[in-house]
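Subject: Handover of the model

Dear colleague,

I am passing on the structure below, followed by an account of what was found in it. Please read the notes with the model open beside them.

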Amino acid sequence: MRDLTRQVSDEYRQQRQRLEYPWLPDNDEPAAAVSAALKTEALAPPLTAQDLLFEIGVEELPVDDVVLGSAQLETLARQRLSEARLSFTALTTTGAPRRLVLQVQGLAPRQADDEQVVKGPPLKAAFDAQGQPTKAAEGFARKYGLAVADLVRRSDASGEYLYAVQTIPGRPTAQVLRDLLPALVSSLSFGKPMRWNSNGVAFTRPIRWFVALFGSQVIPFTYGNASSGRTSRGLRPDNSPAIDIAQAADYDQAMAGAGVVVERTQRRALITQQLAELAATVGGDIPHDAALLDEVTDLVEAPCALLGSFDPAYLSLPREVLITVMKKHQRYFPVMRAGSEQMLPYFITVANGAPRDPDVVRHGNEGVIRARYADAAYFVREDRKKPLAAYNPRLATMTFQEKLGSMLDKAQRLEGMTPVLAGRLGLSADETATAVRAAQLSKADLGTQMVTEMTSLQGIMGREYARESGESEAVATAIFEAYLPRFAGDRLPRAKPGLVVGLADRLDSLLGLFSVGLAPTGSADPFGLRRAALGIVANLIEHQAFFSVRGGLALTAQQLPAPVSAQAGEDAAVFVARRLEQMLKDQGLRFDLVDAVLAVRADDPYRTFRTVTALQDALRTPAWPAALTAYARCKRIVRPLTERYPLAPDALTVDVSRQLYESYLVAQAQISPDSDADVLVNALIGLTAPINRFFEQVMVMADDPAQRRANLGLLQSIAALADGIVDLSKVQGF
């Protein structure tokens, strides 16, 4: 059989050869023949646990799909193995540009046996008065191939029944994997899958090979025109040499011997080390850029960093221009003078494998960056011929959104909103003037050649050109800071003018796009509204600024050219609140406290943040659990009531009722809807003993109607102490 398999495989590979992938077929029949031949080969089950290796060889994984694919592979593999009743000791996945890899250690040699339990007739119907089995019992036993004596008696809430209990022996693991592995591949999903052959299989990129080994045994299957085997492939620059793997446990050593760094974390650490070592040779270091590092990690399988240089004359360009050109076009790493933010005339590129002639590669990259910088220098030189304000008229030709007008219309709306928001946030007259001027110029750099070429420089070039146009440093800084934060982990605006202009911009985008039906759906967010909402939340919290989001949206609605429905405004406010919830929970704040405060104060991001953090600190006091229990007793009794009872101290005739009333007055004097959470917590702790005495000695629902109303009115007033601060019914332990 192995000879037959080898013969079919040879014919299969020789029929059609490709330039880069000589081992691949161009039609379905040979692959099917190989699969059929392999499947007739006996799969002898091993006697002990073995390691499993499963490698999906891919044409070229998109950067984002390396991490996505390996994460999905881990989740789905654990799920499928569990469903298949296959135990293991460890499971790991990783990804590289040409492969997704699953490794399972200590995989059981066969499935665990399964017990099938089927409920049959009730005992009283299964046997007659003489204790002989009825036709119901005999028919049920016969259906499952059992004798009546083999049936099991079991009881449940509805009575005693007969059950058929059968043990289904587990199948050998190799047989299970033959179906499980291709099903695992088909379960992986990606944003933009491709179809590359006649059978219509879709995957993120064309699948070129599979390695599927259980111990030393190949698990045979065919999927997407690729058949499984024990042969992986090496680096593309080396013409993808074959790497034969004798058994699953040899995989790491075999790939390392071929120079392939499969493990993603190891590859990332290796790149980091190489970058630091090369930068140190010229007295520099590499600025932290996790996004670029992750991208390069997922572009290479054998990192080899190379140091290049460029003409120091280009250092006269804004640093952000130099770095952005490096990152966007070439994925180069900039080199900064050690311990400073001064850029050096060097860059580092990471090749996929050690090049045969590093100098040739280095000179080629230097030529590319030289051309890129020459273009950037030309754009900046041309842009500098006019002051920044002169680019504003060009904004009339740029559409923000069809129903919301041009970018010039948007800039004019920001100019009108800024002084109003400045008043709300307590800016001084000078700060307000700065913010208004920054709003006027905040979109002007969209008309420049440099930003047209690289839109990620928006705000950065506005700041640079504002300085050169004679604007104050405060205005230039506000233009730049209005766009902060631009991405996760980015810095936040330091000055209030930038905060206000950015707030006006984001509110305008949120409400405007919600009002014209362009709210984000699912993962689609083409206008970056999630980022805009997170920016609102993060900036208000950073500046410790109390601000009503709904109030800001209402002001924004007055500026928009499109009609704004009440529902659109509410949806936009809830959208911001959900981003606030996400941020607070990501910071490790207690989920129940976040939900409890958001139920009341979600409209004000900083007040919410301050309340949750203060509440989390205050609840650490040992007296809190008893205080919450006492408060909950009051709240639960009055929560179903629809009628609001007034305080009636004259009707409180019992001493403990009077004492509770007096304690309530003390607490009420301390608390208002704007109070901090710690004030509320301390007040409720002070009420704990009076509340407990009240419930021990007073019948709340007294026979006397006046006394009953007075009791309920007092409890309603105590329950209302948390109103406007937090919904304590959502706190754990309520």
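**An enclosed helix**

Of the 14 residues of α18, 10 are buried, so this helix is largely enclosed by the rest of the structure; buried here means under 20% relative accessible area, with exposed over 50% and partly exposed in between, using a 1.4 Å probe and protein chains only. Please note that this is a predicted model, in which local features need pLDDT of at least 70 and side-chain atom pairs count only at pLDDT 80 or more, whereas totals for chains, interfaces and linings use all residues. Residues are numbered from 1 along each chain as its sequence is written, and side-chain values use heavy atoms, with hydrogens and water left out.

Helix α18 covers residues 529-542 and reaches 20 Å from its first C-alpha to its last, close to the 20 Å expected at 1.5 Å a residue, where the expected span is 1.5 Å times one less than the number of residues. Helices (H or I, at least four residues) and strands (E, at least two) are DSSP runs numbered from the N terminus. The buried residues of α18 include Leu529, Ala532, Gly535, Ile536 and Leu540, and the buried residues pack against α17 (496-515), α20 (566-586) and α22 (605-618), contact being heavy atoms within 4.5 Å. After the helix comes Gln544, which has a positive phi, near 50°.

**A sheet of 3 strands**

An open sheet has the strand order β4-β6-β5 with antiparallel pairing, two strands being paired if DSSP finds at least two bridges between them. Its edges are β4 (114-122) and β5 (152-156), each with a single partner strand, so one side of each is left without a neighbour in the sheet. On average, neighbouring strands of this sheet are turned by 40° against each other, direction ignored. Strand β6 (residues 159-168) runs antiparallel to β5 and is joined to β5 by 5 bridges, and Gly159 in β6 is the bridge partner of Asp156. Across β4 and β6 lies helix α5 (residues 135-143), which runs at about 160° to β4; axes are lines fitted to C-alpha atoms, for helices over the stretch in contact, and angles run from 0 to 180 degrees between N-to-C directions.

**Individual residues**

Ser228, in strand β12 (residues 226-229), is buried at a relative accessible area of 8%. A polar atom of the Ser228 side chain lies 2.6 Å from the backbone oxygen of Ile219, and a polar atom of that side chain lies 3.0 Å from the backbone nitrogen of Phe221.

Gly713, part of helix α26 (residues 705-719), is buried with a relative accessible area of 0%. Although Gly713 and Tyr645 are 68 residues apart in sequence, their C-alpha atoms are 4.5 Å apart in space. Leaving aside residues up to four places away in sequence, Gly713 touches Arg644, Tyr645, Pro646 and Leu647.

Thr434 belongs to helix α13 (residues 429-441) and is buried, with a relative accessible area of 14%. With residues up to four places away in sequence again not counted, Thr434 touches Ala474, Val475, Ala478 and Pro497.

Finally, the structure holds 0 disulfides, a disulfide being a pair of cysteine sulfur atoms within 2.5 Å. Cys304 counts as buried at 18% relative accessibility, and Cys634 counts as buried at 0%.

With best regards

Technical notes:
Polar contact = N/O pair within 3.5 Å; in protein donor to acceptor, adjacent residues only side chain to side chain.
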